[in-house]
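I have a new structure open and a notebook beside me. These are my entries, in the order in which I looked things up.

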Amino acid sequence: MPVQNFEKIFQEKIDNEIKIEPKDWMPDAYRKTNIRQISQHAHSEIVGMLPEGNWIGRAPSLKRKAILLAKVQDEAGHGLYLYSACETLGVSREETINDLHSGKAKYSSIFNYPTLTWADIGAIGWLVDGAAIMNQVMLTKTSYGPYARAMVRICKEESFHQRQGFESLLVLSKGTKEQREMCQDAINRWWWPALMMFGPKDSESTNSDQSMKWKIKRKSNDELRQNFVDMIAEQVKVLGMTLPDDKLKWNEERKHYDFGEINWDEFWNVVKGNGPCNKQRLQARKDAWEKGAWVRDAAAAYSGKKDAQNKIKAA
């Protein structure tokens with residue numbers, strides 16, 4: 001059958017909301033786009049453990065420590081689901097991790113900022129995980145089956161993460177003068193990087209049009225960013241805090257909030273590896289991979305031994 005016929009059948013499946021499964025025919029570009037996006041998502045979950053894990057031993061109470069520990073553990077699980085989904089596209093986990101370590105693959109730029117105070121952990125939960133949910137709920141309907149199914153559980157757990165972040169900030173917002181100032185400072189520092197999480201403007205997003213046609217993405221970067229601003233602009237009122245944007249105001253005609261221009265120079269600078277913590281984050285992942293080699297070797301040796309024993313029993 002000519003390739004054109006396969007492409008027609010493939011697009012008809014997409015148009016009819018039929019999931020593409022690993023053994024289905026798919027264009028090479030579709031496969032590569034999914035590998036890039038899913039692996040980047042997996043890397044983001046794993047690297048995202050670092051700024052929060054830094055505070056597990058310094059959490060202000062046993063309750064907060066237990067919550068944060070559970071959250072970081074969830075993120076490790078999310079990385080596992082996503083690496084597994086990526087493997088169904090014919091790429092090994094080792095390949096994807098090597099791409100991260102070499103700098104070929106990216107992860108979300110938000111994790112290249114430092115967590116300076118305990119309030120940052122709340123801000124990450126509320127703003128960073130809130131932005132992630134805005135994007136990830138859409139991905140539960142993405143056209144590639146394994147990715148969509150992985151996102152269902154991830155979204156449920158991310159919802160918990162956002163609620164715990166907001167609750168943590170709510171406690172601080174009702175605390176002492178110093179606690180309220182710490183809360184506002186964290187919001188000020190994380191607001192703009194959170195908006196950058198949705199990626200470049202639609203006019204500068206090179207992959208968006210094709211991803212929308214293939215229903216890998218369901219909404220554009222700018223649509224998702226606007227929805228996020230509309231949500232957070234209301235929630236921040238409950239905290240009694242403000243967002244660091246003088247241009248933020250409700251537009252009755254558009255039925256959306258207007259907001260200021262993102263510092264795109266900062267965005268691209270961080271994406272290119274020049275953010276405050278880029279080098280630290282990547283080095284931490286490389287060190288963890290190298291120090292964990294003996295565990296992987298031991299697991300492989302044990303698996304090989306069990307396989308050999310099973311073959312003897314079956315003989």
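**Tyr107.** I began with a side-chain pair: the side chain of Tyr107 makes a polar contact with the side chain of Asn112, at 2.6 Å. I count a polar contact as a pair of N or O atoms within 3.5 Å; within protein, one must be able to donate a hydrogen and the other to accept it, and residues adjacent in sequence count only if both atoms are side-chain atoms. Before going on, I noted that this is a predicted model, where local features need pLDDT of at least 70, side-chain atom pairs count only at pLDDT 80 or more, and totals for chains, interfaces and linings use all residues. Residues are numbered from 1 along each chain as its sequence is written, and side-chain values use heavy atoms, with hydrogens and water left out.

Where does Tyr107 lie? I found Tyr107 in the loop between helix H5 (93-102) and H6. Helices (H or I, at least four residues) and strands (E, at least two) are DSSP runs, numbered from the N terminus. Is Tyr107 buried or exposed? Its relative accessible area is 13%, so Tyr107 is buried; the cut-offs are under 20% for buried, over 50% for exposed and partly exposed in between (1.4 Å probe, protein chains only). I then listed what Tyr107 touches, leaving out residues up to four places away in sequence: Gln40, His43, Ser44, Val47, Leu100, Asn112, Asn278, Arg281 and Leu282. Contact here means heavy atoms within 4.5 Å.

**Two domains.** The domain assignment gives domain 1 (3-263) and domain 2 (276-314); such bounds come from an automatic or database domain assignment. The contact takes 13 residues from domain 1 and nine residues from domain 2. I put the centres of the two domains, taken over C-alpha atoms, at 28 Å apart. The area buried between domain 1 and domain 2 is about 1,100 Å², and carbon and sulfur atoms give 69% of it. That buried area is the accessible area (1.4 Å probe) that two parts lose on being put together, summed over both. Which residues of domain 1 lose the most area to domain 2? They are Leu50, His101 and Asn112, together 49% of what that side buries.

**Helix H2.** I checked the length of H2 (residues 28-47): at 1.5 Å a residue its 20 residues should span 28 Å, and its end C-alpha atoms are 28 Å apart, which agrees. The expected span is 1.5 Å times one less than the number of residues. I also found that 14 of the 20 residues of H2 are buried, so H2 is largely enclosed by the rest of the structure.

**The core.** A nonpolar core is a set of buried Ala, Val, Leu, Ile, Met, Phe, Trp, Tyr and Cys residues joined through side-chain atoms within 4.5 Å. The largest one has 72 residues, of which Tyr30, Trp126 and Phe228 touch the most other members. Helix H6 (residues 118-139) gives the most to this core, with 12 residues. Leaving aside neighbours within four places in sequence, I saw Tyr30 in contact with Phe10, Ile14, Ile20, Ser143, Tyr144, Trp214 and Ile216.

**Helix H10.** H10 (residues 221-239) passed the length check too: its 19 residues should span 27 Å, and its end C-alpha atoms are 27 Å apart. Its buried residues include Leu224, Phe228 and Ile232. What do the buried residues of H10 pack against? I listed H6, helix H7 (145-173), helix H8 (177-196), H9, E2 and helix H11 (264-274). Gly240 follows H10 and has a positive phi, near 70°.

**Positive phi elsewhere.** Most residues other than glycine have a negative phi. Glu17 is not a glycine, yet its phi is positive, about 60°. I found Glu17 in the loop between helix H1 (3-15) and H2, partly exposed at 44% relative accessible area. Lys255 is not a glycine either and has a positive phi of about 60°. Lys255 sits in the loop between strand E1 (249-251) and strand E2 (256-258), and at 48% counts as partly exposed.

Ser211 is in helix H9 (residues 208-213) and is buried at 3% relative accessibility. Glu157, in helix H7, is buried at 15%; beyond four places in sequence, Glu157 is in contact with Asp74, His78 and Tyr81. Pro193 is in helix H8, buried at 3%, and touches Ile110 and Tyr113, not counting residues up to four places away in sequence.
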